[in-house]
Amino acid sequence: MKNMVEIRWHGRGGQGAKTAALLLGEAAVNAGKYVQAFPEYGPERMGAPVAAYDRIADEEITIHSPVIAPNVVAVLDETLMDAIDVTKGLPANGTLIVNTPFDKAEVEKRFSWKGKVVVIDASKIAQATIGKPIPNTPMIGALLGATNLMPLQAFLDDTKKKLEKKFKTKPEVIEGNLKAISQAYEEVKK
Amino acid sequence: MEKTIVARTGNEAMAEAMRQINPDVCAAYPITPATEIMQIFSSFVNDGLVNTNLITVESEHSAMSACVGSAAAGARTMTATSSQGLIYMHEILFIAASLRLPIVMADVNRAISGPINIHCDHSDTMAERDSGWIQIFSENSQEAYDNMIQAIRIAERKDVSLPAMVTTDGFIISHGMERLETYPDAEVKKFIGEYNPPYNVLNLEKPITVGSIVLTDYYLEHKKAQHEAMKNAKKAILDIGKEFGKVFGKEYGFFEEYKTSDADYVLVCLGSTAGTTKAAIEELRQEGIKCGLIKIRMFRPFPAEELAAALKKCKGIVVLDRSEAMNTQAGPVATEIKAALYDAGIAKPMHNYIYGLGGREIYIEDIKNVFRNISKDTKGSNEVKYLGLKEA
């Protein structure tokens, strides 16, 4: 597959790693891309480490095997980095995006990853904009800022449509999420 | 025709096809990883998007029994299941087929206990290969959607009148979201047409008995009639696959050939692994190994003559089986292919691998290795090998 981007999401059960993968995948389809988005199925418990994946390309993706060498790894919970090897399979030119209050130097020091690191305090952004520290939507914003996978506005429009269906009676949730995505995107772009 | 491009999982794609088909009756019982199909469909029922009479039952045995009853009453009938659910239907599957009831079922391929396992392999579908049902495999969500629509036509065609199951690979396809092109409701409705049942047990003008005893006098003739209907199904699958292509833009046949025209080595498999094989073939051809793929779509009836003809030119064949036949000789797919080649008078080196049982991952590298193996050893071996087995 030419120009295929593979993304691995790490999170803990309840943080929305699977939702992040599906939201991004669906938005990419609506932006004219071919995608696959799928979670890793194992024991599903609140707080347990979980993973989800995206494949995004300009042509049909026929591979139906797990992602083993992602171009981007997004970590929704930095405490996972002590428990599992989040950079497994990530090539030297890959990108590691971490939700953390620490700065880049601190993350680089604590973990042996020598490639590109993007840090974002997605939980803080989510708390401030949505009112809950659920980091998945701002993490997508950070990922779009770091990768140029698709235009921010296209993702915002698509997510808005989707959230409008789900949160008809809670416009503040919709506004909060869109704000969180934009804010994280801008912070990474800075 | 205006197609709508959406992002859907395999289960969502199958539920969407069911919404457009709008069957008269659905009887189902939930089981992972097929549960979502009926869960989504039941919301269509609740929201009034379909006119279906949804019957929730206490087991798959009852689900298929209810399907038999409703189909015998002349209703267009569908269901969905997987794994233990499918094999729990075993007894009634044969009855549905012998009563010539064109029930269409979505089956999400999953391993059979034991040990208990929820992940993909083809053991469930293969266990029902001799039940008299038409069996159609899908590589991805798009094919699952397209196959569901075609299955209605195939099953209901007068000279066929047999039940059909359409399968996807559990989790890999059922829970993986992909780009899907859907067709307008009106076009699907037009394509499948009105259902004119072969008989109707509720027709008081023409009372009949359904499911009566047939002993030494006519049981044999009954089975021969089913055999002939299966032969007719072959023709129906081609006709309807062609017509589907004309209307919706993608033609379907017994199997798909990928880069086989100049291939020295051809791999035969079913389902989602075919897609991974295509990617492996691209890479191997860069290395100079001329290889190709035959992806079997229709497993019942089995396209023996056509497969033998398609495999005639190559130097060696690899068959990947995602289930065990426990005959110690070959997996279910390889057994059929060997028989097909024997009948065609073709002797070819063949490597047969059992792979992916219980959801064991299959990677591009695994597939490249089996091609490399046969390119080095075209003698073939009668011994069935296991692919991706952990070293003891």
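B:T81 touches B:I31, B:A34, B:E60, B:L86, B:M89, B:M105, B:A106, B:D107 and B:V108, leaving out residues up to four places away in sequence. This residue sits in strand β4 (residues 77-82) of chain B and counts as buried, because its relative accessibility is 0% and the cut-off is under 20%. The structure is a predicted model, with an ipTM of 0.93 and a pTM of 0.96.

**Confidence**

- Chain B has a mean pLDDT of 97, and 100% of its residues reach 70 or more.
- For chain A the mean pLDDT is 92, with 98% of residues at 70 or more.
- Among the elements of chain A, the lowest mean pLDDT (85) belongs to helix α3 (residues 104-110) of chain A, and the highest (97) to strand β4 (residues 72-75) of chain A.
- Where pLDDT is low, predicted coordinates should not be read in detail.

**Domains and cores**

- Chain B is assigned two domains, domain 1 (4-248) and domain 2 (255-386).
- The centres of domain 1 of chain B and domain 2 of chain B, taken over C-alpha atoms, are separated by 27 Å.
- Domain 1 of chain B contributes 27 residues to the contact and domain 2 of chain B contributes 26 residues.
- The largest nonpolar core holds 76 residues, and those with the most contacts inside it are B:I134, B:I149, B:V268, B:I296, B:L311, B:V333 and B:I337.
- This core lies between domain 1 (4-248) and domain 2 (255-386) of chain B, because both give residues to it.
- In soluble globular proteins, nonpolar side chains tend to be buried together.

- Beyond its neighbours within four places in sequence, B:I134 is in contact with B:I154, B:V160, B:L162, B:P163, B:A164, B:M165, B:M230, B:A233, B:I237, B:R300 and B:P301.
- Strand β7 (residues 164-169) of chain B runs parallel to β6(B), and 4 bridges join the two.
- Across this pairing, B:A164 in β7(B) stands opposite B:I134.
- Together with helix α7 (residues 141-156) of chain B, β6(B) and β7(B) make a right-handed β-α-β unit.
- β6(B) also pairs with strand β12 (residues 298-300) of chain B, in the antiparallel sense and over 2 bridges.
- Here B:I136 stands opposite B:M298 in β12(B).

**Mixed sheet of chain B**

- An open sheet of 6 strands in chain B has the order β9-β11-β10-β13-β14-β15, and its pairing is mixed.
- Its edge strands are β9 and β15 (385-386) of chain B, each of which pairs on one side only.
- β9(B) runs antiparallel to strand β11 (residues 291-296) of chain B, and 4 bridges join them.
- The bridge partner of B:F255 in β11(B) is B:I296, a residue listed among those with the most contacts inside the largest nonpolar core.

**Loop residue B:D264**

- B:D264 lies in the loop between β9 (255-258) and β10 (265-269) of chain B.
- B:D264 is partly exposed, because its relative accessible area of 21% falls between the 20% and 50% cut-offs.
- B:D264 touches B:K290, B:C314, B:K315 and B:G316, not counting residues up to four places away in sequence.
- B:D264 and B:G292 are 28 residues apart in sequence, and their C-alpha atoms are 7.8 Å apart in space.

**Helix α5 of chain B**

- In helix α5 (residues 90-98) of chain B, the buried residues are B:I92, B:L93, B:A96, B:A97 and B:S98.
- These buried residues of α5(B) pack against α3 (60-72), α4 (83-88), β5 (104-109) and α9 (219-248) of chain B.
- After α5(B) comes B:R100, which has a positive phi, near 60°.

**Strand residue B:T182**

- B:T182 is found in strand β8 (residues 177-182) of chain B.
- With a relative accessible area of 8%, B:T182 is buried.
- Leaving out residues up to four places away in sequence, B:T182 touches B:K3, B:T4, B:V6, B:E16 and B:Y145.

Key: Residues numbered from 1 in each chain as written. Chains lettered and ligands numbered in written order. Predicted model: local features only at pLDDT ≥ 70, side-chain atom pairs only at ≥ 80, totals over all residues. Heavy atoms only, no water. Core = buried A, V, L, I, M, F, W, Y, C linked by side-chain atoms within 4.5 Å. Buried < 20%, exposed > 50% of the residue type's maximum accessible area, 1.4 Å probe, protein only. Domains from an automatic or database assignment. Contact = heavy atoms within 4.5 Å. Pairing = 2+ DSSP bridges. Right-handed = clockwise from strand over helix to strand, strands pointing away. pLDDT = per-residue confidence, 0-100.
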